[in-house]
Amino acid sequence: MKKAAVLVCMASVLLSGCSGAGGEKVSQTADSCAQAVASELAKTDWTAVSTDANSEDAAYVMAHTDTVALDRLIAFTLTSDGGPSEGACEELRSRFLESPHTVLAYLVLMGDQPVSSDDSTPAAEFICGQIASADAAWHDGSEEFAQVMESCKADYPEGPAAELLSKMETAHEASLERNK
């Protein structure tokens, strides 16, 4: 887990704006970023990175959506549909609300990987849509989701995380509109 925390911390340093525009340094240090990330990770009951070699076991993931590592939950969500994926999407929403910086860092690190060879949609964008749709469909656009989104937009005013938040906000609005 120590390596996972370091990787997430590094991603957080890159995403959190520890250097200003044009590369100039700001007062926040890498140590303070590491402390912020460590405190975010300490709040979760789930790990950010799985070391389990059996990550393709869909039945296991379905039965343990609340405890499997984030990467396994995302992989399951990308490859399942219908009822089984609804529980995974709800869990992704819950994890985003619990620790948005961890989830965003993971999604940013996914880069432009497509959902599949048949679907060129970026997987990170797809997962953002699933998180947003879960909140809109099952929680009628919760106040908690709105607050987390606003906080994240303030934390990430630009860059890859800001782009993902924009995609999530657009998907949330569209899903709320469909549910009317």
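These legends describe close-up views of one predicted protein model.

Residues are numbered from 1 along each chain as its sequence is written. Because the model is predicted, local features need pLDDT of at least 70 and side-chain atom pairs count only at pLDDT 80 or more, while totals for chains, interfaces and linings use all residues; side-chain values use heavy atoms, with hydrogens and water left out.

**Figure 1. Overview of the protein chain.** The chain holds 9 helices and 2 strands. Helices (H or I, at least four residues) and strands (E, at least two) are DSSP runs, numbered from the N terminus. Their order from the N terminus is α-α-α-α-α-α-β-β-α-α-α. Of the 180 residues, 38% are buried. Buried means under 20% relative accessible area, exposed means over 50%, and partly exposed lies in between (1.4 Å probe, protein chains only). Contact means heavy atoms within 4.5 Å. Take the contacts between residues at least 6 apart in sequence: 60% of them join residues at least 24 apart.

**Figure 2. Helix α6 against helix α9.** Helix α6 covers residues 100–110 and helix α9 covers residues 160–178. They pack at an angle of about 105°, with axes 9 Å apart. Axes are lines fitted to C-alpha atoms, for helices over the stretch in contact, and angles run from 0 to 180 degrees between N-to-C directions. The two helices are therefore roughly perpendicular. Angles of 65 to 115 degrees count as roughly perpendicular, under 35 as roughly parallel, over 145 as roughly antiparallel, and the rest as oblique. From α6, the contact uses L104, L107 and V108. From α9, it uses P160, A161, L164 and L165. By class, this contact has 7 nonpolar, no polar and no charged residues. Ala, Val, Leu, Ile, Met, Phe, Trp, Tyr, Cys and Pro count as nonpolar; Asp, Glu, Lys and Arg count as charged; the others, Gly among them, count as polar.

**Figure 3. Helix α6 against helix α7.** Helix α7 spans residues 123–139. Its axis and that of α6 come within 8 Å and cross at roughly 150°. V103, L107 and M110 of α6 make the contact with A123, A124, I127, C128 and I131 of α7. By class, the contact has 8 nonpolar, no polar and no charged residues.

Figure 4. At 1.5 Å a residue, the 17 residues of α7 should span 24 Å. The end C-alpha atoms of α7 are 23 Å apart, which agrees. The expected span is 1.5 Å times one less than the number of residues. The buried residues of α7 are A123, A124, I127, C128, G129, I131, A132, A134, D135 and A136. D140 follows α7 and sits in the loop between α7 and α8. Its phi is positive, about 50°, although D140 is not a glycine. Most residues other than glycine have a negative phi. At 65% relative accessibility, D140 counts as exposed.

Figure 5. Helix α8 has 13 residues, 143–155. At 1.5 Å a residue they should span 18 Å; the end C-alpha atoms are 18 Å apart, which agrees. F145, V148, M149 and C152 of α8 are buried. Seen down the axis of α8, these buried residues fall within an arc of 100°, so they line one face of the helix. The arc is that of the directions from the helix axis to the C-beta atoms. E143 and A154 are exposed on the other side of α8.

**Figure 6. Helix α4 and L70.** In helix α4 (residues 70–79), 7 of the 10 residues are buried, so the rest of the structure largely encloses this helix. The buried residues are L70, D71, R72, L73, I74, F76 and T77. L70 has a relative accessible area of 0%. L70 and Y106 are 36 residues apart in sequence, yet 8.3 Å apart in space, C-alpha to C-alpha.

**Figure 7. E91 in helix α5.** E91 is found in helix α5 (residues 83–98). At 13% relative accessibility, E91 counts as buried. Neighbours within four places in sequence aside, E91 is in contact with T65, D66 and L73.

**Figure 8. A162 in helix α9.** A162 belongs to helix α9. At 17% relative accessibility, A162 counts as buried. Leaving aside neighbours within four places in sequence, A162 is in contact with Y156 and P157. The C-alpha atoms of A162 and C152 are separated by 8.1 Å, with the residues 10 apart along the chain.
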